[in-house]
Amino acid sequence: MTKINTICCIGAGYVGGPTMAVIAQKCPEIKVVVVDINAERIAAWQTDDLPIYEPGLLEVVKEARGRNLFFSTDIDAAIEEAQMIFMSVNTPTKTYGLGKGRAADLKFVELSARRIAEVSKTDKIVVEKSTLPVRTAESIKTILSEYKNGVKFQVLSNPEFLAEGTAVNDLHYPDRVLIGGDQTPGGLEAIEALTDIYAHWVPREKIIQTRLWSSELSKLTANAFLAQRISSINSISALCEVTGADVDEVAYAIGTDSRIGPKFLKASVGFGGSCFQKDILNLVYLSEYFGLPEVAAYWDQVIIMNDYQKKRFARNIIHSLFNTVSGKKIALLGWAFKKDTNDTRESAAIYVADDLLSDLAEVSVYDPQVPASAMYADLNYLQTRPAAENKEMLKVHSDAYEACKDAHAIAIITEWDEFKTLDWQKIFDNMKKPAFLFDGRNILDHKQLKNMGFKIKAIGKGED
Ligand code: NAD
Ligand code: UGA
């Protein structure tokens, strides 16, 4: 059986970096080289100021870096040397042409496959780590087989289930590892080779082996089911607000039914992140492509509900502030799409800020990990107004108290722990009155804040 001693990973992002760091940590006898076209990112992986913020990651990287974990821009050399190549490149929603706004853009995957095909001189196992539409492995196999240089490839699907902010723990103690491959002697041997790597630290009974297509489809399905729970509870949050119910009490009451379970029932300003929306849109596109419009419409509703939730939050702020926020200072606490990450992709903050700016508010922001440049880039990408106007109307602070000073209202967007321990009395004293607080995460003690004088509006909290 193939014993792997050299791995290459194409893509040093939120998945490639942490995943390979943990493989290198747990398998010291395997050389792991992570490559990327982004030289700045590769350089940052070589310092103690890693390109992504992820609790516990630096310790793991430091343990293996220079021993058996390497970061490089020499993609060809790493491909040539490796017996197993992970593709961990980005697969965003297409922004052009056929399938625009829905289908996954597979150009980075295709480019990587072509590079592998061109450079390889020895047999390789190619592993899809990126999230891909079902049957992508077929296209990868086609590309790989085009170059008739006698090299044999096996393609596996090994989707990643880590969540940002908890990536290291998720990688150390995964609920399961999924490996799909061809049910041929060569395919089964490749599945075993990858299983052996994970078995260094994951109990074998947690390593699920399937056909290729089941593995690819399971990843999209897992994300769709998770996002569906958030949209379901968020839809109920709207009903709570008009009926006087409390969404946290409802979530607790239903989550104690062991068939439903307590996780992923936290109502919020809307889910963000680089994957839920893109993967559901991908599922919608695939369903339409295969002639299943009812299936497509069913999943599309999860996205519609999420967009509604973000809009509803911004609209609530404007309505509460006497139907206009023009010239009023609104402080946003948090810009990242969840706590413990510096990732802002599809964060609700972008859309809430954009709606408030369109109503001519002065928006001030504080986030402990997100740099101002990322916030402006996020807003400029929407193209609602010229970049110069975004720069003028959105102020970024490095201190929560400064961001909230003289504000008419504060909106909690990200559930950063440090927001719970701020001196809220001091914040209240320095705000314009009446002082409004919109809690998009329900992380604060609303009773105590009301006693201070805050006017509180929170997701899914109806008035008695
Ligand atoms: P990312 O954008 O952080 O990283 C992708 C990296 O690939 C970038 O650094 C980019 O420069 C590099 N790249 C692109 N084309 C390349 C090429 N031809 N050669 C070399 N490098 C190239 O993306 P990510 O968040 O790590 O996601 C990667 C994949 O993993 C996606 O398919 C995503 O859906 C999936 N995924 C992401 C998460 C997550 O939490 N972010 C979790 C599970 C799965
Ligand atoms: C998600 C999945 O949880 C991972 O299993 C998957 O691997 C990953 O997508 C992916 O494929 O990229 P991630 O997006 O990093 O991980 O983070 P989540 O913890 O799932 O949170 C996503 C969004 O949902 C965040 O904005 C979060 O605040 C929100 N959320 C989550 C809620 O609003 N309520 C909840 O109960 C849970």
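**Strand, helix and ligand**

I begin with Lys457, a residue of strand 14, which spans residues 455-458. Please bear in mind throughout that this is a predicted model.

Setting aside neighbours within four places in sequence, Lys457 is in contact with Ser320, Leu437, Phe438 and Asp439. From Val34, Lys457 is separated by 423 residues in sequence, and the C-alpha to C-alpha distance between the two is 46 Å.

The buried residues are Gly16, Gly17, Pro18, Thr19, Met20, Ala21, Val22, Ile23, Ala24 and Gln25.

Finally, the ligand. Which residues come nearest to ligand 1? Of the 26 residues around it, these are Asp36, Arg41, Thr91, Glu164 and Lys278. By class, the shell comprises nine nonpolar, 10 polar and seven charged residues.

As to individual atoms, an oxygen of ligand 1 lies 2.6 Å from a side-chain N or O atom of Asp36. A nitrogen of ligand 1 is 2.7 Å from a side-chain N or O atom of Glu164. The backbone also takes part: a polar backbone atom of Val15 is 2.9 Å from an oxygen of ligand 1. Taken alone, ligand 1 exposes 840 Å², and the protein buries 92% of that area.

Notes:
Residues numbered from 1 in each chain as written. Chains lettered and ligands numbered in written order. Predicted model: local features only at pLDDT ≥ 70, side-chain atom pairs only at ≥ 80, totals over all residues. Heavy atoms only, no water. Buried < 20%, exposed > 50% of the residue type's maximum accessible area, 1.4 Å probe, protein only. Helix = DSSP H or I, 4+ residues; strand = E, 2+ residues; numbered from the N terminus. Near = heavy atom within 4 Å. Polar contact = N/O pair within 3.5 Å; in protein donor to acceptor, adjacent residues only side chain to side chain. Areas by Shrake-Rupley, 256 points an atom, 1.4 Å probe, with all protein chains shown as cover. Nonpolar A, V, L, I, M, F, W, Y, C, P; charged D, E, K, R; others polar. Contact = heavy atoms within 4.5 Å.
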